[in-house]
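Please keep the sequence and the coordinates at hand while reading.

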Amino acid sequence: QVQLIESGGGLVQAGGSLRLSCAASKLAFSNYALAWFRQAPGTEREFVTVINWSGGFTNYADSVKGRFTISRDNAKNTVYLQMNSLKPQDTAVYYCAAAYTSPTSLPVMPDHYRYWGQGTQVTVSS
């Protein structure tokens, strides 16, 4: 059984920073693209960012470009999301996800992802 566990969520003021972590167990971590999605109340789950197997390729939603950074440490089976210049609009439950795919693939649709974490709440106050 594969387990993805997010951590690092919390309450932060607008303009502040937060770093999320997602640790995986029982997973050949480097064989998966890793992504962050988020979901606010009353909305569909949306793509935030993704990183490929090696970490050499990334993609970001337009809404977070220049503010968020995804990274991974395959030796630690962990993916990170550094969030800077946070806005109230960033408030959501953030989920990490893993997709078994080709080495350079950067899937953005949720249905490409096989494994999901339970989510961590990020709240940005105005």
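S85 counts as partly exposed at 40% relative accessibility, where buried stands for under 20% relative accessible area, exposed for over 50% and partly exposed for the range in between, with a 1.4 Å probe and protein chains only. The model is a predicted one, in which local features need pLDDT of at least 70 and side-chain atom pairs count only at pLDDT 80 or more, while totals for chains, interfaces and linings use all residues. Residues are numbered from 1 along each chain as its sequence is written, and side-chain values use heavy atoms, with hydrogens and water left out.

**Loop residues**

S85 sits in the loop between β8 and β9, and although S85 is not a glycine, its phi is positive, at about 50 degrees. N77, which is placed in the loop between β7 and β8, likewise is a residue other than glycine with a positive phi, near 55 degrees. As background, most residues other than glycine have a negative phi.

F57 belongs to the loop between β5 and β6 (58-60) and is partly exposed, its relative accessible area being 44%. Apart from neighbours within four places in sequence, F57 is in contact with V50, I51, N52, T104 and L106. V64, in the loop between β6 and β7, is buried with a relative accessible area of 0%, and its contacts, again leaving aside neighbours within four places in sequence, are R38 and V48. The C-alpha separations of these two residues from partners elsewhere in the chain are listed below.

| Pair | Separation in sequence | C-alpha distance |
|---|---|---|
| F57 and S105 | 48 residues | 8.5 Å |
| V64 and D90 | 26 residues | 8.7 Å |

**The nonpolar core**

A nonpolar core is here a set of buried Ala, Val, Leu, Ile, Met, Phe, Trp, Tyr and Cys residues joined through side-chain atoms within 4.5 Å. The largest such core holds 35 residues, and those that touch the most other members are L20, W36, F68, V79, M83 and Y94. At least two core residues come from each of β3 (18-25), β4 (32-39), β5 (46-51), β7 (68-73), β8 (78-83), β9 (92-100) and β11 (120-125). Setting aside neighbours within four places in sequence, Y94 is in contact with residues including L20, W36, F68 and M83, as well as E6, R38 and T120. In soluble globular proteins, nonpolar side chains tend to be buried together.

**The protein as a whole**

The protein has eleven strands and zero helices, where helices (H or I, at least four residues) and strands (E, at least two) are DSSP runs numbered from the N terminus. Its radius of gyration, taken over C-alpha atoms, is 13 Å, close to the 14 Å that the globule rule gives for 126 residues, so the protein is as compact as a globular protein of that length; the rule is 2.2 Å times the number of residues to the power 0.38. Along the principal axes, the C-alpha trace spans about 40 × 30 × 25 Å. Of the 126 residues, 43% are buried, and among contacts between residues at least 6 apart in sequence, 61% join residues at least 24 apart. The accessible surface, computed by the Shrake-Rupley method with a 1.4 Å probe, comes to about 6300 Å², of which 48% belongs to carbon and sulfur atoms.

Notes: Contact = heavy atoms within 4.5 Å.
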